[in-house]
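Thanks for coming. I will keep this short, and I would ask you to have the structure open while I talk.

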Amino acid sequence: MASSYKMLILFFILTMAKSYCVKEKVSVALYYEALCPYCSDFIVNQLGKALFQDNLVSIVDLKMVPWGNTQLAPNNAWICQHGPDECSIDVAEACAIELLPQQGQGFKLIECIENLNLEGRHNEWKSCMGLLKVNPKPIMDCHQTKQGFDLELKFAEETNQLKPPHRFVPWVLVNNNPLQEDYPNFAAYVCKAYNGQNRPKACEQHVLEANSVKERNSSVCYRGENRHSSIPFNYNF
């Protein structure tokens with residue numbers, strides 16, 4: 001009886017500790033789309049470096065939603081801002097998020113793909129799986145079947161339910177608060193929001209200053225803005 005009581009107390013303590021650790025992390029959500037150069041730049045040159053070089057990954061619960069400014073058309077067609085290649089890569093990245101849940105693995109694959117976009121080589125995105133030694137079969141099976149299509153529809157619904165609605169991508173939320181045009185300063189918002197004890201040293205450099213919001217600039221892909229022709233994209237299963 002005493003042993004059972006001790007086990008119950010231990011279970012309660014471990015559950016509370018786990019709950020505390022989860023709540024301690026700062027939630028960061030990135031709503032974005034493939035082939036938007038500003039999304040690619042943010043993922044490669046800001047988000048990835050802050051998470052893995054500055055170790056903010058230790059205090060961040062990251063969610064990535066690859067849908068962005070895509071529109072749903074009749075007959076399940078999608079109208080992607082940067083054409084059908086964007087739609088296809090969005091699906092691939094949705095599959096990576098779903099099938100590579102290990103911390104950092106899915107992000108590294110997405111980061112590699114987005115870096116290729118910055119280099120003008122987005123058509124080589126499949127090579128990232130070989131570079132990172134990721135088994136390509138589950139990703140490609142997902143990409144080429146209804147599984148990937150359904151994942152993207154889930155992300156579409158989540159994006160369309162944003163309040164306030166996103167006005168552009170990349171659209172970044174820290175603890176559910178949209179940063180709007182100040183998204184490049186996201187690391188400072190993360191450090192300010194973090195209340196835990198194990199504060200990364202990098203937070204000494206990421207300080208949120210008053211009136212830090214940047215002026216409206218062109219470093220985003222706006223909704224309804226067609227830099228490229230919007231081309232319907234459809235999966236045929």
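This is a predicted model: local features need pLDDT of at least 70, side-chain atom pairs count only at pLDDT 80 or more; totals for chains, interfaces and linings use all residues.

Residues are numbered from 1 along each chain as its sequence is written, and side-chain values use heavy atoms, with hydrogens and water left out.

Salt bridges, then. By this I mean a side-chain nitrogen of Lys or Arg within 4 Å of a carboxyl oxygen of Asp or Glu. How many salt bridges does a search of the whole structure find? The search gives 7.

For accessibility, buried means under 20% relative accessible area, exposed means over 50%, and partly exposed is in between, with a 1.4 Å probe and protein chains only.

Take Glu-111 and Lys-108, whose closest N and O atoms are 3.4 Å apart in a salt bridge. Both sit in helix α4 (residues 105-118), 3 residues apart, or about one turn of the helix. Glu-111 counts as buried because its relative accessibility is 16%. Lys-108, at 33%, counts as partly exposed.

Next, Lys-137 and Asp-141 form a salt bridge, 2.7 Å from N to O. They are 4 residues apart in helix α6 (residues 136-143), so about one helical turn separates them. Lys-137 has a relative accessible area of 54%, so it is exposed, whereas Asp-141 is partly exposed at 35%.

In helix α7 (residues 146-160), Lys-146 and Asp-150 are also 4 residues apart, and their salt bridge has its closest N and O atoms at 2.9 Å. There is also a network of salt bridges that links Glu-119, Arg-121 and Glu-124.

Now the strand. Is strand β1 (residues 26-32) mostly covered or mostly uncovered? Mostly covered: 6 of its 7 residues are buried. Two strands pair if DSSP finds at least two bridges between them. β1 pairs with strand β2 (residues 60-66) in the parallel sense, over 7 bridges. Within that pairing, Ala-29 has Lys-63 of β2 as its bridge partner. With strand β6 (residues 171-174), β1 pairs in the antiparallel sense over 4 bridges, and Val-28 stands opposite Val-174 in β6.

That is all from me.

How values were computed: Helices (H or I, at least four residues) and strands (E, at least two) are DSSP runs, numbered from the N terminus.
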